[in-house]
Amino acid sequence: MSRRLVILTEGSSNPVSAKTAACVIRYGTDEVIALLDSTEAGKTSQDLLGVGGSIPVVATLAEAAGANTLLIGIAPSGGKIPAHWRPILLEAIARGCNIVSGLHDFLSNDAEFVAAAAKHGVELRDVRKNNERDVSRFEGFRAGCLRIHTVGQDCSCGKMVVTVEVARALSKRGHDAKFVATGQTGILVEGDGCPVDCVVSDFLNGAVEKLILTNQHHEIVLLEGQGFIAHPRYSPVTLGLLHGAQPQGLILCYEAAREHVMGMPQVQLKPLAELRTLYETVAGAIAPTRVIGIGLNSRLLSAADAERERERVRAELGLPVCDVYRHGPEELVEAVLGLQKELYVAN
């Protein structure tokens, strides 16, 4: 039976809080029947998330006729299930819906959810649950497989979207490119990957290395980024990705007009030039790399202001810059292919 999704975003139906919903809809529109948010009922997914066209926002599960799976569509800090969502999840289970969750709060560890699922014969899927227990071997990477990794100025600034869009554009041009997911949303979009922010720290580098080794039969591997290297909370996962993957090229992503770390107004964001040096230095402690392009998220800007920002950053950093939605990903694709030619074709 094909999956028919109702996506739960109750009280959080905006592009940041509901980024999981937004990306699943963007890359899997045909699977989605409705968004479930009683506070926004009557609107559409397009109205609230900027994607999904006429997908309706409904107030009750009864209005999502035909749904066989409820997806938790938010990615809150700490990954807890909102307490007031429990009755909604239990109702969905009673209606015969499988539940898919990317939160750190595992459904399969909750006795009430487990008992309800067993009673009604449905599946509980915890996307972040894993059993990674391998340390890095620091060997075995295939020469000829180009490793590209997206890094950021902050969390939730577009790293996953840039990675997906560049990978898909490369594939359209005839290259064997693979998007490698490292977070809950990316895994839901791609169908495979590893939830690296839920791996025990001693095994994080090894889990990332295994992702590369598993996928290095492809010509180009594009590894999704998480967090950012100077984040007061989430820097460890960023470091594990850099050292576990040993990327040869980095794409630095940021959201224009954002001034502070998301959710931490007391922490000023570091300038892009400073971050470029920091990423190259920290990654370079294991293997040489360099930033080859900038992924601009200009959702808060007008089209004219986005162009001005693009030209400003180009002039400042001397790198290709584009918003993959507004401008398309071609500048970043050319940067990837240029690095590939430099490393593998010219030599």
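Biologist: Which residues does leucine 49 touch, leaving out those up to four places away in sequence?

Modeller: Keep in mind that this is a predicted model. In it, leucine 49 touches Ser13, Asn14, Pro15, Ala18, Ala21, Ala22, Ile25 and Leu35, once residues up to four places away in sequence are set aside.

Biologist: How do I read a nonpolar core, and which residues have the most contacts inside the largest one?

Modeller: General idea to begin with: in soluble globular proteins, nonpolar side chains tend to be buried together. Here, the largest nonpolar core has 49 residues, and Leu49 is among those with the most contacts inside it, along with Ile7, Ile148, Leu170, Ile220 and Val336. Helix α5, residues 159-172, gives the largest share of this core, 8 residues. There's also a second, separate core of 27 residues, which includes Leu8, Leu36, Leu61 and Ala92.

Biologist: What about glycine 240: is it buried or exposed?

Modeller: The cut-off for buried is under 20% relative accessible area. Glycine 240 has 3% relative accessibility, so it counts as buried. You'll find glycine 240 in helix α8, residues 235-245. Apart from residues up to four places away in sequence, glycine 240 touches Leu204, Asn205, Val208 and Ala245.

Biologist: Okay, now charges. How many salt bridges does a search of the whole structure find?

Modeller: The idea is that side chains of opposite charge can pair when their charged atoms come close. A search of the whole structure finds 24 salt bridges. One of them joins glutamate 40 and lysine 43, with the closest N and O atoms 2.6 Å apart. Glutamate 40 is partly exposed at 21%, and lysine 43 is partly exposed at 38%.

Biologist: Which parts does the pair of glutamate 330 and arginine 173 tie together?

Modeller: Their closest N and O atoms are 2.8 Å apart. Glutamate 330 sits in helix α11 and arginine 173 in the loop between α5 and β8, so this pair ties together parts that are 157 residues apart in sequence.

Biologist: And where do glutamate 309 and arginine 312 lie?

Modeller: Both are in helix α10, residues 303-317, 3 residues apart, which is about one turn of the helix. Glutamate 309 counts as buried at 14% relative accessibility, whereas arginine 312 is partly exposed at 41%. Salt bridges can also link up: Glu307, Arg310, Glu311, Arg314 and Glu331 form a network.

Notes
Residues numbered from 1 in each chain as written. Predicted model: local features only at pLDDT ≥ 70, side-chain atom pairs only at ≥ 80, totals over all residues. Heavy atoms only, no water. Core = buried A, V, L, I, M, F, W, Y, C linked by side-chain atoms within 4.5 Å. Buried < 20%, exposed > 50% of the residue type's maximum accessible area, 1.4 Å probe, protein only. Helix = DSSP H or I, 4+ residues; strand = E, 2+ residues; numbered from the N terminus. Contact = heavy atoms within 4.5 Å. Salt bridge = Lys/Arg side-chain N within 4 Å of Asp/Glu carboxyl O.
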